[in-house]
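Here are some notes for a colleague who is opening this structure for the first time. Please keep the sequence and the 3D view at hand while reading the points below.

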Amino acid sequence: GYWVAMVLPLTPLVKVLKYPVVRAALAYLLPLLLKTPVVKRWGCVAHVAEDGTITRVLMDPTGEHVSSVSAVVQRGNRLWLGNLRGDF
């Protein structure tokens with residue numbers, strides 16, 4: 001199997017926009033313009049079996065410990081996470 005990183009959940013605002021470039025720009029620009037987070041902080045990785053079945057999900061629903069996970073690699077019994085917003 002393999003692990004999949006999930007950077008962020010989609011908000012209704014982002015889902016209705018047609019073009020990916022516009023969605024990406026708004027995801028970064030709106031918080032700066034509004035001074036409030038538009039995208040909820042959270043962290044999530046999922047393990048997917050060879051047949052495509054999701055076998056495990058690890059989630060930090062508040063983003064307190066890990067958020068914006070952009071990469072995940074398993075080495076032995078450990079998961080190494082990369083993210084877009086911080087150092088961990």
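1. In the predicted model shown here, G43 stands opposite D60 in strand 3. Strand 2, made of residues 43-48, is joined to strand 3 by six bridges, and the two run antiparallel. Two strands are taken as paired if DSSP finds at least two bridges between them, while strands (E, at least two residues) and helices (H or I, at least four residues) are DSSP runs numbered from the N terminus.

2. On how to read the numbers: this is a predicted model, in which local features need pLDDT of at least 70 and side-chain atom pairs count only at pLDDT 80 or more, whereas totals for chains, interfaces and linings use all residues. Residues are numbered from 1 along each chain as its sequence is written, and side-chain values use heavy atoms, with hydrogens and water left out.

3. Three strands make up an open sheet with antiparallel pairing, in the order 1-2-3. Strand 1 (2-6) and strand 3 (54-60) are at the edges with a single partner strand each, so one side of each has no neighbour in the sheet. From one strand to the next the twist averages 20 degrees, where axes are lines fitted to C-alpha atoms and angles run from 0 to 180 degrees between N-to-C directions.

4. For the protein chain as a whole, there are two helices and five strands, and from the N terminus on the elements run β-α-α-β-β-β-β. The chain has 88 residues, of which 24% count as buried, that is, under 20% relative accessible area, with exposed meaning over 50% and partly exposed in between (1.4 Å probe, protein chains only).

5. Is S68 buried or exposed? With a relative accessibility of 6%, S68 counts as buried, and its place is the loop between strand 3 and strand 4 (69-75). Apart from neighbours within four places in sequence, S68 is in contact (heavy atoms within 4.5 Å) with V7, W42, G82, N83, L84 and R85.

6. L33, by contrast, belongs to helix 2 (residues 20-34) and counts as exposed at 66% relative accessibility. Together with L29 and L32, L33 forms a nonpolar patch on the surface, with about 340 Å² of accessible area in total.

Terms used: Patch = residues over 30% accessible without salt bridge, like charges linked within 9 Å, V, L, I, M, F, W, Y side chains within 5 Å. Areas by Shrake-Rupley, 256 points an atom, 1.4 Å probe, with all protein chains shown as cover. Salt bridge = Lys/Arg side-chain N within 4 Å of Asp/Glu carboxyl O.
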